[in-house]
Amino acid sequence: MIPTSSAPTGSKQSTITEIESVATSASDSLNQQIADVTTRIEHPALVGATWVNNIWYYALPSDHVKVGKTVSLHLLGDLILIGRKSNGAIFAMRDICPHQGVPLSFGEFDGEQVSCAFHGWKFDDKGVCTDIPSLCDDQKINVCKIKTRSYPCAELDGNIWIYYGEVRSDLPEIPRAHGLEGLSYGQTVTKALVPTHMDYAVVALIDPAHVPYVHKSWWWRNSKSLKEKIKKYVPAGTGWTIVKHSPSKGSLIFKLLGDYMETEIAFRMPSCRTEYITLFGRTIAASITTVTPIDETHSELNHTSYWTIPILNWLLKPLVDFGAKEFLGQDLAIAEKQQVGLKFNPKLSMIVKDSGLPGSWYFQAKREWNAATEEGRPFRNPVKEKTLRWKT
Ligand code: FES
Ligand SMILES: [Fe+2]
């Protein structure tokens, strides 16, 4: 409060009051404007902490696990051993020996069972102990009661997925890239390790507003040509789909062919963005980008690109690898910069209309998934059909 006792006249008092009142109404109006364009995340405790369970997470490309071999991954807060048996079937189990904690991946795999490097205990593909070599013939114990955690796993469209959560007979669907039904295709996977909780990576994945600033490349686009975009979102599955539309003409390739192309982009829980592009109505390219938590502060981003002219693998694979590495590298670089600020625990206006609304839907879907899991009921999609506008 500005002291007014020395004010010789009422007019000065009135001026000061006016200034205060103008300042107050300006700040009210600013707060209102901020409220108008931001959406409160109702459960901030869900932001940057925990991940949903009873769901499938991306693990790695199928061809990274050869027949008779195993691979050890640090994902989902655990060490996970993924192997491929002699008959080609894959399996996944906790990569930690329940005897004295040595990762089983240091041991041997004979195409059927893994044996631990420390005392040679053997485990089958379900993580059940089958042999303790140090036992004498008369020292009978029920070895099959000794287990390491087994993870359901599955292969789909050239990738391996791990189910994280309570194992039931009705596991949910594995998210998959759309638009590839009935087509043969080539594919390549690009991976980036992101030093953030998966939530920040997912929000960035579905946020259009960062594209002109983060994904600047001479062959793609720059931030100078911002144009208004209008996209229709409809609820679908465990997320939403952006109704098929012509790609924006911000980049050279879409300027040349955009009139004959269409794209459909979708998001499904827990962290999967899919896209496919058609030319004259036929899919020419598709992708699925996923985020898998490593732990509470790190995650793995995997981008699988598919193209439907496999005969051109020799040409397209290096080109697609180059483009995907550049894109993911740009996302990684901004995620690293974001961490510099996040370490100070700032209060964030994370969800700004309209471009940020999908981020808000993600947190709503996360909350709903947890509630549905706890209550043992089907997921009710919280997304409502909406047309969003933004400038990018
Ligand atoms: S630690 Fe694995 S057998 Fe002993
Ligand atoms: Fe990005």
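Two strands count as paired if DSSP finds at least two bridges between them. Helices (H or I, at least four residues) and strands (E, at least two) are DSSP runs, numbered from the N terminus. This is a predicted model, in which local features need pLDDT of at least 70 and side-chain atom pairs count only at pLDDT 80 or more, while totals for chains, interfaces and linings use all residues. Residues are numbered from 1 along each chain as its sequence is written, and chains are lettered from A and ligands numbered from 1 in the order in which they are written.

**View 1. The chain as a whole contains six helices and 19 strands.** Of its 392 residues, 31% are buried. A residue is buried if 20 or more other C-beta atoms lie within 10 Å of its own, exposed if 12 or fewer, and partly exposed in between, with C-beta atoms placed from the backbone. Two residues are in contact if their C-beta atoms, placed in that way, lie within 7 Å. Among contacts between residues at least 6 apart in sequence, 57% join residues at least 24 apart.

**View 2. Strand 13 pairs with strand 19 and with strand 14.** Strand 13 covers residues 228-236 and runs antiparallel to strand 19 (residues 386-391), with six bridges joining the two. Lys-231 has Leu-388 of strand 19 as its bridge partner. Four bridges link strand 13 to strand 14 (residues 239-245), again in the antiparallel sense. In that pairing, Val-234 is opposite Thr-241 of strand 14. The hairpin of strands 13 and 14 has two residues between the strands, and Gly-237 in this hairpin takes a positive phi near 55°.

**View 3. The largest nonpolar core has 69 residues.** A nonpolar core is a set of buried Ala, Val, Leu, Ile, Met, Phe, Trp, Tyr and Cys residues joined through C-beta atoms within 7 Å. The members that touch the most other members are Ala-59, Ile-82, Ala-92, Cys-153, Ile-162 and Ala-201. Helix 2 (residues 198-205) supplies the largest share of this core, seven residues. The core lies between domain 1 (55-164) and domain 2 (186-391), because both give residues to it. The domain bounds come from an automatic or database domain assignment. Apart from its neighbours within four places in sequence, Ala-92 is in contact with Ile-80, Leu-81, Ile-82, Tyr-151, Cys-153 and Ile-162.

**View 4. Helix 2 is mostly covered.** Eight of its eight residues are buried: Met-198, Asp-199, Tyr-200, Ala-201, Val-202, Val-203, Ala-204 and Leu-205. These buried residues pack against strand 12 (186-194), strand 16 (272-279), strand 17 (282-295) and strand 18 (298-307), and also against helix 5 (313-342) and helix 6 (357-375).

**View 5. Strand 18 pairs with strand 12 and with strand 17.** Nine of the 10 residues of strand 18 are buried, so the strand is largely enclosed by the rest of the structure. Its antiparallel pairing with strand 12 extends over nine bridges, and Thr-190 stands opposite His-303 of strand 18. The pairing with strand 17 is antiparallel over 10 bridges. Here Ile-288 has Thr-304 of strand 18 as its bridge partner. A hairpin of two residues connects strand 17 to strand 18.

View 6. Strand 7 (residues 122-123) is joined to strand 8 by two bridges, with Phe-123 opposite Cys-129 of strand 8.

View 7. The peptide bond from Met-269 to Pro-270 is cis, with omega near 5°. Phe-280 counts as exposed, because it has 9 C-beta neighbours inside 10 Å.

**View 8. Ala-372 is located in helix 6.** Ala-372 is partly exposed, because 16 other C-beta atoms lie within 10 Å. Leaving out neighbours within four places in sequence, Ala-372 is in contact with Arg-377, Pro-378, Phe-379 and Arg-380.
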